[in-house]
Amino acid sequence: MANRGGFSSRIGFIVAAAGSAVGLGNIWKFPYEVGQNGGAMFLLVYLICTFLICFPIMIGEIAIGRRAQKDAYGSYKSIGGKRWGMLGLFGILCGIMILSFYNVVAGWAFGYFLEISFGNLLQSDDFRSFFGGYVSDIWDNLIFSVCFMIITAFIVVKGVSGGIERASKILMPMLYVILLGLIVYSLTLDNAIEGIKFYLLPDISKLNLETIYSALGQAFFSLSLGMGALITYGSYIDKKQNIVSSAAMISIMDVSVAFLAGLLIFPLVFSQGQTPSEGPGLVFVALPGVFNAMGPVIGKIVGGGFFLLLCFAALTSTISLLEVPVAYLVDEKKLPRKAVVWLLAVFIFVVGLPSMLSQGAVDAFSSLDFYGGKSFLDFVSEVFSDISLPLGGCLMSIFIAIKWKTNNLSAEISEGNEGYKGSFMEKAINLILVYIAPILLGLIFINTVLDKFFGISII
């Protein structure tokens, strides 16, 4: 533990792990998923999925990491043998590929922050065309993505407590301050109450299998499960920490940011008569129109603040995504952290170039014949996020059920939590990890594969 470094305190771990979970999935993806899937009913199902299904999976991942005190590969290998170590390598690969496109989208957010702050974006009269032109511009994308990767690497190279923990303790409070400040303003706008009704008053007629499926997938994605990030972070904590209460705090912080993002965005959208079902373009297409309608001064302040918020959220996640492969190379290959961080940063940036060029800059990457004409970024995002993360979570649950065994999981969780063994919480977590999670996540995996590659849906 001493040689690897670790979090200096329980709050440091919670804030860092919450930062890993909080990201573009909370502020960019969550609102448009809500808008497309029935508003408040989606929110309600999302909350249920987070605490009934994803919370136990998070506990399992943290427990595996703390038990082994190693990276994702080393943790699975030391507990289950070399064959199970491949599951850790799978998670590491997912982290690398997710970061490769995530950094591109983070670069868009950083660029939009600058474009709004200097007034260039708000001079446009067609925000859809502006976005299309912006993401297809090679040089702007290159510069902003490079900047974002450098900032990420600079933090990770400082180590667990000196870099990741310290940055998270600054970024997360700032994220909440900006978010709450923007919410206060949004609630003062005309017609904001209609946005609140859409977001907070469930309509039971909107409940269907597609809503449940989308909500569980969103909950799983937003908590950074299935790719070894929380196993890695869990390996940096000591045996005195209460894993259950720490996981509860991480889940609450993650959910609160997603909830507050909706509380901000829907009053803004409804105040200007925009449609909440805009989809992925909600943040980059619909919201700039909202900011533009606020006037040149207020629009700059509110719009700039929003995209700065998006940058902070993205950065807390890119840090954890980079740490996953860094921990592997430092632990397993005994390589120096500084060299590993910068080499990986360069490598992952290069891997992300096709995603960057797939938004209109290069036709070969913008429309993949083998993937239904979708872009390379869509391909990487859907394969390594939508498909691979549920598979990783499913296999992690199976690992606990048939290899590590629930009695060993309970023994690990009991350290730092004396009342855990024999409790209702223990029975519920074991039930979900052994029976419910593998089935539900397995169904999500199968359905997503069939949907993305064959256009067939079983849900």
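**View 1. Where helix α14 gives way to K334.** Following α14, K334 has a positive phi, near 60°. Helices here are DSSP runs of H or I, at least four residues long, numbered from the N terminus. This is a predicted model, in which local features need pLDDT of at least 70, side-chain atom pairs count only at pLDDT 80 or more, and totals for chains, interfaces and linings use all residues. Residues are numbered from 1 along each chain as its sequence is written, and side-chain values use heavy atoms, leaving out hydrogens and water.

**View 2. Along helix α14.** Residues 296–332 form this helix of 37 residues, which reaches 54 Å from its first C-alpha to its last, close to the 54 Å expected (1.5 Å times one less than its number of residues). Look for a kink of about 25° at E323, shortly before the proline P325; the bend is the angle between axes fitted to the seven residues ending at a residue and the seven starting there. In α14, 29 of the 37 residues are buried (under 20% relative accessible area, 1.4 Å probe, protein chains only).

**View 3. Helix α13 and its kink.** In α13 a kink of about 35° lies at L287, shortly before the proline P288. Eleven of the 13 residues of α13 are buried, among them F284, L287 and F291. These buried residues pack against α2, α5, α6, α12 and α14, with contact meaning heavy atoms within 4.5 Å. Just after α13 comes G295, with a positive phi of about 105°.

**View 4. Confidence in the model.** The protein chain averages a pLDDT of 93 (the predictor's confidence in each residue, from 0 to 100).

Notes: Helices (H or I, at least four residues) and strands (E, at least two) are DSSP runs, numbered from the N terminus. Buried means under 20% relative accessible area, exposed over 50%, partly exposed in between (1.4 Å probe, protein chains only).
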